[in-house]
Each structure stands twice: as structure tokens, then as C-alpha cells.
There are 2 protein chains.
Amino acid sequence: MTTDPAHYTQLTGLLRDAATLESVAQLLGWDQETYMPPAGAATRAEQSAALATLVHQRRTDPRVGDLIAACESDPSITGDGDSPRARNVREARRAFDKATKLPSNLVAELARVGSQSQQVWKEAREKNDFAMFAPWLEKMFGLSRRKAECYGVPKGGELYDALIDDYEPGARAADIERVFTPLADRLSTLVQELQDSGRAPSDAPTRVKIDAARQHEFGTFVIKALGFDTNAGRLDVTTHPFCSGIAPGDTRLTTRYREERFTDALYGTMHECGHGLYEQGLPKADHFGEPLGDSISLGIHESQSRMWENFVGRSRAFWEWAMPHAKRILGAALDPFGVDDLYRAVNRSERSFIRVEADESTYNLHVMLRFGIERSLLRGDLTPRDVPGAWNERFERLLGVKVPDDRRGCLQDVHWSFGLIGYFPTYTLGNLHAAQMWEKIRTDLPTLEADMARGEFAPLLAWLRTNVHAHGKRWRADELCTRITGKPLSADPLMRHLEGKLRPIYGL
Amino acid sequence: MTTDPAHYTQLTGLLRDAATLESVAQLLGWDQETYMPPAGAATRAEQSAALATLVHQRRTDPRVGDLIAACESDPSITGDGDSPRARNVREARRAFDKATKLPSNLVAELARVGSQSQQVWKEAREKNDFAMFAPWLEKMFGLSRRKAECYGVPKGGELYDALIDDYEPGARAADIERVFTPLADRLSTLVQELQDSGRAPSDAPTRVKIDAARQHEFGTFVIKALGFDTNAGRLDVTTHPFCSGIAPGDTRLTTRYREERFTDALYGTMHECGHGLYEQGLPKADHFGEPLGDSISLGIHESQSRMWENFVGRSRAFWEWAMPHAKRILGAALDPFGVDDLYRAVNRSERSFIRVEADESTYNLHVMLRFGIERSLLRGDLTPRDVPGAWNERFERLLGVKVPDDRRGCLQDVHWSFGLIGYFPTYTLGNLHAAQMWEKIRTDLPTLEADMARGEFAPLLAWLRTNVHAHGKRWRADELCTRITGKPLSADPLMRHLEGKLRPIYGL
């Protein structure tokens with residue numbers, strides 16, 4: 001075991017202290033979405049702003065900068081640039097340089113207004129009242145623009161790139177567009193082909209009425225089977241499902257139940273569980289607050305959630321295992337259906353309105369819509385007031401159906417309400433990463449499908465732990481992709497996966 | 001409207017900032033008891049310690065001291081020593097002087113070890129394993145002794161007084177003993193007399209089996225009827241019931257359900273609701289973080305909880321109103337019983353083991369036991385290891401029954417596990433205050449019983465809001481007592497209440 005020099009130990013100590021406060025801020029956010037009484041909202045905004053300010057102070061503490069510099073000039077740490085410690089310092093530098101560009105009052109304002117705005121969004125969404133939310137959307141885009149301006153436009157890039165970089169280090173809007181545009185065409189073609197076949201599987205097995213309590217029991221049963229440690233995490237109910245990796249030993253998932261379609265909650269839960277398994281697999285016990293204890297990027301995070309949701313959860317093998325348990329826990333409503341009925345129903349391609357409930361063939365079209373709109377908003381080509389119109393028009397163009405109301409349109413997602421702008425593209429990047437990783441996993445684990453059909457998910461989880469989770473932020477997303485798959489990220493594996501699964505279901 | 005001078009406004013601003021962070025610490029505590037997954041305990045201890053340190057920094061900020069001094073020497077504020085602003089400054093001074101006596105590392109240590117110790121207590125209680133908890137009890141008493149030493153022994157007093165003062169400003173152990181000793185005799189005599197009558201009412205109406213979900217529905221129905229605002233608060237389940245007045249608009253109650261005796265949860269819930277009504281009635285919107293927005297003392301807090309639990313909840317009028325609702329919500333198990341059956345059952349005098357489930361005649365004996373033990377521990381006359389023996393011996397002497405195990409003995413209460421030492425006596429002070437206040441309320445509200453029998457609790461709540469809640473910490477407990485009742489606190493009203501209610505029930 002290498003002994004760490006004092007400046008390295010002091011640096012990781014300071015990072016850990018900042019992370020402890022950041023974890024409290026996370027808890028405030030989780031509580032706001034789960035259990036906080038409505039009248040607590042005003043003080044919650046103040047609490048969030050106070051914590052954000054404290055975290056920002058810790059992150060921009062000049063001692064952190066000095067210690068990073070001391071580590072950088074210490075060859076015992078940075079001599080081998082690929083070593084875990086060198087990478088830890090490199091990523092700490094990146095985070096420090098970014099944090100010091102933001103003035104403290106902007107950080108507090110983003111937290112305060114974001115907290116208020118999120119409350120308004122919740123009510124506006126319930127009441128289907130975009131006008132109520134519009135001024136807050138404007139505020140959040142205004143604050144985000146200020147944030148982007150503080151970071152600065154990267155060379156040859158655009159303002160939006162400064163925001164994406166928080167979620168997907170190094171990514172550029174123009175590069176993303178270059179991947180997204182042809183992908184949109186290939187997906188639209190596939191969706192059209194499936195529609196035209198006239199052989200859509202029945203969705204009757206997912207349209208049975210099942211009460212929330214049974215759904216919760218089944219969801220909990222499934223995530224435990226996948227490997228989620230409920231001694232170090234939990235599952236609650238919120239308007240918008242999310243996963244919060246609050247602290248070591250404390251990873252919280254949320255979901256929502258619709259009695260008339262149990263698969264919405266099931267796949268929402270499996271999705272968040274995928275995030276949760278990544279959080280629980282990160283080496284936080286040793287590296288809490290350090291880049292080495294953190295996830296690589298949101299794209300890689302999403303690769304994990306989408307893998308468990310779709311590559312596992314929408315596979316025939318999964319339903320082979322899950323069907324008897326579903327019948328036992330969810331009750332008689334499922335009696336008329338068999339494994340293939342479920343497998344086919346959950347892979348039905350549908351031009352529907354809600355992103356988090358979309359099937360695999362249409363999902364990325366929902367993402368691309370949001371990517372386009374937020375980019376236009378940030379450029380100033382679109383004003384927040386005009387979002388509903390732009391949304392509905394582009395939605396019809398991309399998905400071929402008319403949006404019936406804003407609740408099922410531009411009010412459906414929580415993200416913009418608290419300033420997550422530049423975040424959406426990572427969903428599609430995650431799908432691409434998942435597909436490319438999955439091809440490698442199938443080679444490495446020849447019994448994968450048979451294992452899943454018996455409810456044995458441990459080999460898959462072990463593979464992900466070893467190849468992805470255990471490394472924290474040691475590799476960038478593109479490095480990880482090349483290390484694992486030997487190739488840069490491409491849209492081909494995702495298209496192979498979708499065409500390979502959906503065409504046979506549609507008899508093509 | 002008086003304009004406040006700048007130093008006064010700045011002072012209240014700083015106090016509010018400290019309270020915002022303190023409210024986050026409260027949320028951490030609430031979450032630890034309600035929803036935190038077990039593996040989150042280690043980081044929770046660090047989070048709590050970090051917040052405690054920050055709150056302490058804010059509270060001992062030299063600027064706070066300077067602003068207090070500026071206010072003290074400003075006759076426009078302190079000229080009339082009884083004015084709200086003068087009292088605000090007086091209490092801010094008291095809090096500042098106390099806080100500055102504690103070193104920051106002791107504050108952090110109390111929070112960190114307290115958080116860990118509370119987790120251990122929870123497990124030890126479940127496993128009925130005192131040995132597991134003993135070292136933590138020792139640590140918490142050690143830290144509390146250090147805290148008391150920092151505060152210093154008040155003139156003519158003892159070390160324990162320094163701790164009581166945190167909960168009941170100005171109270172002294174010797175004074176409390178002088179009230180408690182004769183009260184213990186009078187209560188023991190009454191309990192013996194009731195026992196000897198051989199006419200104990202049947203407890204069958206409380207011994208029906210009712211599931212937790214129905215109990216929760218009934219409890220929620222009752223607290224809403226009493227006036228608890230669920231838009232600004234909530235009710236959850238914990239090992240040990242408590243009320244946390246987290247922030248303006250955010251007051252959280254907890255309870256616990258035993259299927260075999262629904263009245264335990266009902267009265268636990270009504271008790272915490274009483275605390276919650278006080279918290280919701282404090283003028284926090286205008287005075288959050290200031291003494292004027294805070295409760296007077298734990299004794300007064302307890303007077304509110306015990307009033308709603310016992311003077312309301314164990315009255316015949318309450319059951320006249322509640323009975324049909326109980327039958328509707330709790331189900332057929334209550335069919336055989338009438339109003340009088342319930343009224344008599346919930347007033348049955350019983351030598352039982354659990355304080356929070358004790359009836360009114362024995363409750364204060366449980367408190368006196370704890371007062372004696374913690375005082376001995378602090379004096380060093382008793383070591384933590386010997387607590388079970390001392391507990392069981394004194395329990396038998398006071399209550400005449402043998403304690404079967406530590407879970408129903410010295411492991412039952414959460415308080416010592418996180419350093420609440422000197423807190424227990426406030427429970428009995430609360431009962432005394434409630435009884436004395438109640439006699440005045442009955443005079444002021446001649447239709448009180450008829451109102452309650454119709455489920456109209458608003459007049460009572462309005463009386464409490466006007467006479468107690470709205471004043472925050474403007475008056476000390478003894479001042480409030482004299483202002484309201486015209487007399488200093490005495491044990492007579494409590495004994496009159498108990499004898500007046502229980503003797504007729506026992507046919508005496």
C-alpha cells in the first residue's frame with residue numbers, strides 16, 4: 001500500500017467535507033419532492049440557498065486550489081497520468097476551476113429560485129397551467145445563461161456547451177447534433193416501418209388495473225432481485241421519478257404509480273434502480289467527495305439506468321423469470337397472459353406523449369425534441385413564453401401526433417424548473433453507451449440470458465461493478481467506451497438492438 | 001408601526017440565518033428517525049456534526065455579540081424592559097452567552113456521537129441488549145458533563161442545573177425535588193387508593209385489535225379536527241414518537257402503532273399534536289430564529305402536549321364526539337362499546353412499564369424515576385453500567401411492580417442516547433402547568449365541554465394561541481403562569497384534576 005503525501009490527504013479531506021455538506025443539500029432536495037409539507041416551501045428555498053453557498057465556499061476554498069497545485073507538481077502523484085491518484089487530481093482541478101468561475105451569489109440564487117420554481121412547476125403541472133410556470137422558466141433560463149457566461153464559451157463552441165459540460169464533461173452541442181440527426185432519421189424510419197406493418201402487439205397485458213400497494217410490493221421485489229441493497233437505500237413516491245445518491249450507504253429511488261398501467265412504474269423503478277446500482281457500486285466508502293468516488297458523467301449514469309430498464313427489463317428472459325412473481329404479487333388481473341404476451345406488450349412501439357413512459361423506439365425522439373428547444377432558448381431564438389407552441393409543433397413533426405395539453409407536453413419534465421439545462425442529451429448518449437456496452441457484455445457473459453431467465457442478475461451486476469462502477473471518475477466517458485468496447489461511441493449498436501428485437505415482434 | 005433601528009434588524013437577520021441552518025439540522029434528525037436507510041448512519045453522524053458546528057459558529061459570531069450590546073444600550077429598544085423587543089434582546093443575550101461558553105469541538109462531538117449513539121440505542125432496544133448500549137450511554141453522559149462544566153454550576157446549585165437550564169431556563173434540581181417529593185407521595189397514595197377500591201374499569205375497549213392503517217387514518221382525522229394544519233405539517237411512524245418544529249410551515253409529528261392497543265398511538269399522536277399546535281401557533285413567519293418566534297421552555301411545550309392528550313383526549317366530552325368517528329374508521333371491533341366504556345378505559349390507573357403509554361395517575365412517577373437516575377449519574381453516585389439495576393430497584397419502589405426486561409425498563413426512552421439530560425423533569429412541570437392553565441381556561445370558556453363534545457376545538461385552540469403561543473419567548477415559564485392564573489405554579493390543580501376525575505370512575 002502506498003502512503004499518500006500530506007497534501008494529497010489534506011486535499012481529499014477537504015473534498016470529503018464539501019461532499020458532506022453537499023449530501024445534506026441532496027437530502028433537502030429529496031425531502032422537498034417526497035415528504036415536505038407544501039407550506040415548508042419558502043424556508044426550503046432559503047435552506048437550499050444557504051447550503052449551496054456553503055458547499056460553494058468549500059469547493060472554492062483557496063486551500064483546495066493550493067493543495068491541488070501541490071499535488072500536480074508532485075511526481076509521486078501525477079508521474080503516471082493514468083494512475084487513480086493522478087486522475088483524481090486532474091478531475092479535482094477541473095471541478096475547482098469551474099467552481100471558482102461562479103460567483104457565490106449566483107450559486108445561492110440558482111438554488112433559491114430553483115427550489116421555488118420547482119414548487120411552482122409541480123402545481124402548474126397538476127393544474128395544466130403553463131402561464132403560471134412561464135415566469136419561472138424565464139428566471140431559470142436567465143440564471144442558467146448567466147452561469148454559462150461565467151463558465152465561458154469553449155473555443156469553437158457555443159454557450160450551450162458550457163452547460164452540457166456540467167453533466168457530460170467535454171461534450172459539444174454540435175457533435176451531439178451530428179450524432180442525433182442521422183439517428184433521428186433511422187429511428188423515424190424504424191417507427192414508421194413498425195406502424196406500417198399493422199402487426200402491433202396488443203398492449204392489453206399492461207392495461208390491467210393494479211393498485212399502488214401491489215405495484216410497490218412488486219417493484220420492491222424486483223429491485224431487490226436486481227441487487228439493490230435496501231439496507232443502504234429506499235424507494236418512495238414522487239411526481240417525477242428520480243434517484244438521489246445522497247451519501248455512502250444512502251441511495252434513494254423514487255417512482256410513481258398509475259393504477260391503469262403497472263408497467264410505467266415498473267420500468268420507472270427499474271430505471272432508477274439502474275442509477276441506484278451505479279451509486280451503490282461507486283467506491284464511496286474510500287473516496288466520498290473525491291472524483292474517484294463519483295460517477296463519470298450523466299451519459300454513463302444513464303447507460304446504467306437504461307440498461308437495467310430496457311436491455312434487462314424489456315427482454316424475454318426477464319419476463320420468463322418475472323412472470324410467476326408478477327402473477328403472485330400483482331394478482332389475478334395478469335392471469336390471462338403469458339410470458340410472450342408481456343414481452344411483446346412492453347416492446348410495443350407507440351407515438352405517445354410522456355418521455356419517461358415512452359418505448360425504446362420513440363424515446364430518443366423525445367430527447368431530441370428537448371435538446372432542440374433548450375438550445376434555441378439559450379441562443380435566444382425562442383422565448384420561454386413560446387415554448388408550448390414550439391414544443392407542440394416540433395413534437396408533431398418528430399412523432400406524428402398532436403400534443404393534447406401542456407401537462408402531456410412541455411410541463412411534463414421537472415428538469416428545467418430547477419435549472420437542469422443541457423442535461424437531456426445525456427439520456428440519448430446513455431442509450432448509445434448502454435447498447436455498445438451490452439454487445440460486449442453478451443460476449444463476456446455467454447450464459448447471460450439463461451441467468452436472467454432464472455432471476456440471476458448477479459453476474460451482470462458483477463461485470464458492471466468491475467468494468468464501470470469501481471473506477472469512479474477515473475476515465476472519461478469516451479475513454480471508458482473505448483477501453484470496454486475497443487471502439488468509439490456509435491449509433492450502430494443501438495440500432496442493431498432495436499431492429500433485432502422489434503422487427504421480429506412485428507413479424508418483419 | 002415602529003421602525004426597527006439597524007442594529008436590531010441586523011441582529012434578527014443573523015439569528016434568522018442561524019435558524020435556517022438549525023432547521024436543516026432538525027431535518028437531518030427527523031429523517032434519521034423516519035426514512036434514512038440503516039447504512040446511512042455513519043455519514044449522518046458526520047452531516048449532523050458539520051451542521052452543529054456551522055450553527056454554533058453562527059450563534060457565537062462576535063457580530064451577534066456586538067449587535068446585542070448595541071441593542072442593550074439603545075433605550076428605544078430596552079427602555080421598557082417588558083416590551084417584545086426588549087425581551088427579544090434579553091433572551092438573545094442569554095442564548096449568546098451560553099453558546100459562547102461551549103467550544104466548537106464539543107458541540108460537534110455531541111452531535112456526532114449523539115447521532116451514532118441514537119442508532120445504537122435503536123438496535124439495543126430492539127434486541128433488549130443493554131450491554132450494547134452501555135458504552136454509548138457512558139460517552140453521552142461524559143460529553144454532557146463536559147457541557148455542564150463549560151456552562152458552570154450556577155451559584156448555590158449543582159452541575160445538573162447547568163443542563164436543565166437548556167430546557168427550562170432558570171430551573172434548579174433542588175427546587176424541582178421540593179415539588180416532586182410531596183407530589184410523589186400524593187400520587188402514590190391516590191394510585192394505591194384506586195388499586196384498593198377493587199373497582200378498576202375494564203380496559204377491554206382499548207384491547208381490541210386494529211391494524212396500523214386504520215389507526216393512522218383515525219389519528220390523522222383527530223389531529224385535523226384539533227386544528228393541526230396538515231398543509232404545514234405531517235405525521236409519520238418512528239420507534240419513539242416526537243414532534244419536530246423544523247421551520248415555518250413545516251412541523252412534523254411522529255407516532256407508532258401497536259395493533260393490540262390503539263389508544264397508545266392515539267394518545268401518542270394527540271400528545272405530539274399538542275406540541276405541533278404550539279409550534280404552528282408560534283409567530284415564526286415574523287420572528288423565525290428570534291426568541292419571540294420560539295417556545296418558552298420545554299415545560300410549557302409539554303403543558304400543551306399534555307393538555308391535548310389528557311385534559312382534552314381523556315375527557316368524557318372528547319369521547320362523546322370521537323366515538324362515532326372511531327367506530328366508523330376503526331371498524332367493527334369497537335361495536336360492543338359505548339362512550340362511557342371508552343372514557344373509563346382510557347382513565348384506568350395501572351402500574352405499567354412504558355412512560356409514554358402510562359395513564360395520568362402514574363405518569364409522573366415514571367418521570368421522577370428518570371430525574372433521580374440522571375441526577376445520580378451526573379453526580380457520579382451511579383455509573384452507566386449500573387443503570388438497569390438502579391432503574392429496576394427504584395421502579396419497584398415507586399410503582400410496586402418488577403420490570404421484566406430492559407426494553408420495558410431503562411432502554412425505553414431515546415433521550416439519553418443523544419444527550420437530552422435534564423430534560424425529563426420538564427414532563428412533570430408540563431403536567432403541572434397544564435392543570436393550572438386548564439382551571440383558568442374552564443373559567444374563561446364556560447361552554448368548553450359542550451364545544452368539545454361537538455368536536456369544536458377551535459375556541460380552546462384560539463385561547464391557547466392568544467394566551468400562550470403568540471408571545472413566543474416573551475415571558476419566562478413562571479411569569480406566564482402568574483400572568484395567566486394569577487398564582488405561582490403549584491401541584492394542587494393537578495391533584496384536583498386527577499382526584500376529581502379518577503375517584504368517581506373508581507366509585508370513590
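**A helix across a sheet**

Helix 1 of chain A lies across strand 1, strand 2 and strand 3 of chain A, and runs at about 140° to strand 2 of chain A. The angle is taken between N-to-C directions, on a scale from 0 to 180 degrees, with axes that are lines fitted to C-alpha atoms, for helices over the stretch in contact. Helices (H or I, at least four residues) and strands (E, at least two) are DSSP runs, numbered from the N terminus.

A word on the source. This is a predicted model, in which local features need pLDDT of at least 70 and side-chain atom pairs count only at pLDDT 80 or more, while totals for chains, interfaces and linings use all residues. Residues are numbered from 1 along each chain as its sequence is written, and chains are lettered from A and ligands numbered from 1 in the order in which they are written.

Now the sheet itself. In chain A it is an open sheet of three strands in the order 1-3-2, with mixed pairing. Strand 1 and strand 2 (243-247) of chain A are at the edges with a single partner strand each, so one side of each has no neighbour in the sheet. On average, neighbouring strands are turned by 20° against each other, direction ignored. Two strands pair if DSSP finds at least two bridges between them. Strand 2 of chain A and strand 3 (residues 250-255) of chain A run antiparallel and are joined by four bridges.

On to chain B. Here too, strand 2 and strand 3 (residues 250-255) of chain B pair in the antiparallel sense, over four bridges. Gly245(B) has Thr251(B) as its bridge partner in strand 3 of chain B. The hairpin of these two strands of chain B has two residues between the strands, and Gly249(B) takes a positive phi near 80° there. Is strand 2 of chain B buried or exposed? Five of its five residues are buried, so strand 2 of chain B is largely enclosed by the rest of the structure. Buried means 20 or more other C-beta atoms within 10 Å of a residue's own, the C-beta atoms being placed from the backbone.

Helix 5 (residues 84-100) of chain B has 17 residues. From first C-alpha to last it reaches 24 Å, close to the 24 Å expected at 1.5 Å a residue; the expected span is 1.5 Å times one less than the number of residues. Its buried residues, among them Arg85(B), Val89(B) and Phe96(B), pack against helix 1 (6-34), helix 2 (41-59), helix 3 (62-72) and helix 4 (75-78) of chain B.

**How the chains meet**

28 residues of chain A are in contact with 28 residues of chain B, contact meaning C-beta atoms, placed from the backbone, within 7 Å. On the chain A side, helix 1 (6-34), helix 2 (41-59) and strand 1 (233-237) each give two or more residues.

How does chain A lie on chain B? A turn of 180° and a shift of 0.0 Å along the axis does it, with an RMSD of 0.0 Å. The copies are thus related as by a two-fold rotation axis. The superposition is by least squares on C-alpha atoms of residues with pLDDT of at least 70 in both copies. Val24(A) comes closest to the axis of the residues of chain A, at 4.0 Å (C-alpha). Since 100% of the interface residues of chain A are also interface residues in chain B, the copies meet through the same surface.

Technical notes. Two residues are in contact if their C-beta atoms, placed from the backbone, lie within 7 Å. A residue is buried if 20 or more other C-beta atoms lie within 10 Å of its own, exposed if 12 or fewer, and partly exposed in between; C-beta atoms are placed from the backbone.
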